[in-house]
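Let's walk through this protein together, one neighbourhood at a time. Keep the sequence and the 3D view side by side as you read.

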Amino acid sequence: MNKNIWSLITLSQPNCNSGIMRRIQILSVYFVLSLIAISIVSPGIFSEGAEDIPPLTMPATKPNPDAHIDVYERLEREKQEGYLKGKIEIIEDNYYFTTKQGFDYIHLEGSPSDIGYYHGLLLWEKIERGMASYAFLTEMRYDLNWDLCRVQGATYWPNIPAEYQLEIDGIVRGCVEKNARNPDGEVIDRFDIVAYNSIWDIWWRSSYIRNIIPIPIFQTDTIHHCSGFVATGDITTDGGFVICQSLWMPYHLPPSHGVFADIVPEAGHRILMELQAGMIWSGTEWYLNDAGLVVGETTLGDAPYQWLNTPAFVRIRQAIQYASSIDEFANIMTTNTNGAYCGDYVICDAETNEAGIVELGSHTYEVWKTDNGFHGSCNYPWDPEVRAEMEEPEGWDHGCYPRYMRLEQISQKYEGNINCEIAKRTLGDHWDMVEEKENKCHWTLCGHVENATGYPHGSLDGKTTNRTMTLNHETWARYGHSCGEDFIAADHAKNNPDYAYPNLRDMIAQPWTTFGFLEPITITVLDKNGEPVEGAQIAFENCADGYLHEGITGPGGMYHHPYFQTGTYNITARNGEFRGTIYVEFNQVNTLEISLTDKSDDDSHSSETQTTFVIVGLIIAGLLFVAIYRKSQKKPEQD
Ligand SMILES: [Zn+2]
């Protein structure tokens, strides 16, 4: 049962220390407007041809140490170079934490309360960072300080299902145990986590009020958020779908956005999502579920707010947890909507191989889906009704249209060849359709708004997957700009003193890597006589991204890991010559028995083979020499 909103409000201890009158003013405006609103509101363009389309440039890449050498040599080198320095693993019965290529990577399962509690416990530092960043942004853009955000967030509490109320309270417990602090320095409480989760709903409501009453205290600028596309059928390399998306936000947020979570709730589907630490929804807009749905999002503009209805953060979490098809997803997203977080929800279904977009306005929406086609998405409302509801311009007058047209170009240029590699390059693309040149700015698919205006904002990550990977619950992701460029806070401050915010940190791009569900594996290592080998070292190399994991066998020659990423791995066991492959699959018993051969036997075998090759080679060479010599001796006689 939902707890009464007033019971939540009476728990608050607002800390008004400045601008009290202004806040009272704002609150009054909200209150009056809420009452009024509740009473009236019930709940082939580039015909030059493909040759003229600028190609996707290969994004800058860092040296990739995946040369085909002995994996132990590589592990050793990576350790020396610090690649694995600081890598930690926490393994418990129903949660797991590790790090991978710039991301935190966690597994949570159990009751809503447990899922929330371990979330808070594992990610509290990033929750502090994320909450402070969102508080900073909200004050800057909407002049709502964190106290007001907390009050605003509380109004959503009655619209949060009990399952998610428990999860939110669980996050609070985990944070409290770690003494995590809100932006005002107070120990985090329920108000903080509710406000933080509903912050986009709060922004939408604030924008709506600002739009109907132009109060000068509210300030917003043109916001460019996210690039992506969906493709399926003839346009892709293998006929299966390809989907991608990059999150654009101010650079105050990293690294709090960089978390991949494998969540096993008691009800509904298992979820893999990139999440903004502390949120029960993604907040970075990348989800997979075990029904085979993949969802991304690029945000659209303001539309009429619908009071008392279900907030966006609840609908999106419900949709990914309970929907099994594009239509079910659209139904949840559009039912009882509060009109917040309008966006293009790019979506693919691995069961049907359909690609689609749910373009969500407030009272309007459009569901586009196909089993053969391409659709770009980049904050441009392509549906006429949705666009009209948002009162946004059409075509080149819209600031996000250049990226939309660039996606059209790419779909033509790479028709029949679209795959995850093209998606990665698309997300890292710097072709500016306005200036018609390579130009890292706000008009390019890889967002570098800081180069255009100085404001530190742009792409924080990239994600892509295809049908094959989705069926195995896997996705590619890259921390930082998809092009591989770093954001260096000190350099930015030097070049843009007006935007030298103290809360900016370096964002160092990491290599593309994969994430998936985490499943148990058991490896048993036996010697050539079939006896178990304790202390044997095993290296697992992910066949997709080359990422290495190593383990050591215990008693019985067994190596067991309860949370191992789904995927295909090359396995090497040290002190022997075993090389093999394991397919770690969802809901399967992932076990493998490795029989080692004796290394010295193998070496001698190898040298015998080499000797045989040398002898055979010499004999063939000798015979050829004799044949050529005889032929040359016969020539004069023939003449
Ligand atoms: Zn870039």
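Strand 9 and strand 10 (residues 293-296) pair in the antiparallel sense, with three bridges between them. Strands here are DSSP runs of E with at least two residues, helices are runs of H or I with at least four residues, and both are numbered from the N terminus. Two strands count as paired if DSSP finds at least two bridges between them. This is a predicted model, in which local features need pLDDT of at least 70, side-chain atom pairs count only at pLDDT 80 or more, and totals for chains, interfaces and linings use all residues. Residues are numbered from 1 along each chain as its sequence is written.

Strands 9 and 10 form a hairpin with three residues between them, and G292 in the turn has a positive phi of about 95°. Follow W286 across and you reach its bridge partner in strand 10, G296. Strand 9 also pairs with strand 8 (residues 271-275), again in the antiparallel sense, over five bridges. There, M273 has Y287 of strand 9 as its bridge partner. Is strand 9 enclosed or open? Seven of the seven residues of strand 9 (residues 283-289) are buried, so this strand is largely enclosed by the rest of the structure.

Six strands form an open sheet in the order 15-4-5-19-20-21, with antiparallel pairing. Its edges are strand 15 (373-377) and strand 21 (513-516), each pairing on one side only. Within this sheet, five bridges join strand 4 (residues 227-232) to strand 5 (residues 242-246), and F229 has C244 of strand 5 as its bridge partner.

Next come two helices. The axes of helix 5 (residues 146-154) and helix 7 (residues 190-197) come within 8 Å and cross at roughly 80°. Axes are lines fitted to C-alpha atoms, for helices over the stretch in contact, and angles run from 0 to 180 degrees between N-to-C directions. Helix 5 and helix 7 are therefore roughly perpendicular to each other (angles under 35 degrees count as roughly parallel, over 145 as roughly antiparallel, 65 to 115 as roughly perpendicular and the rest as oblique).

Finally, consider confidence. The mean pLDDT, the predictor's confidence in each residue from 0 to 100, is 84, and 78% of the residues reach 70 or more.

Conventions. Buried ≥ 20, exposed ≤ 12 C-beta atoms within 10 Å, placed from the backbone.
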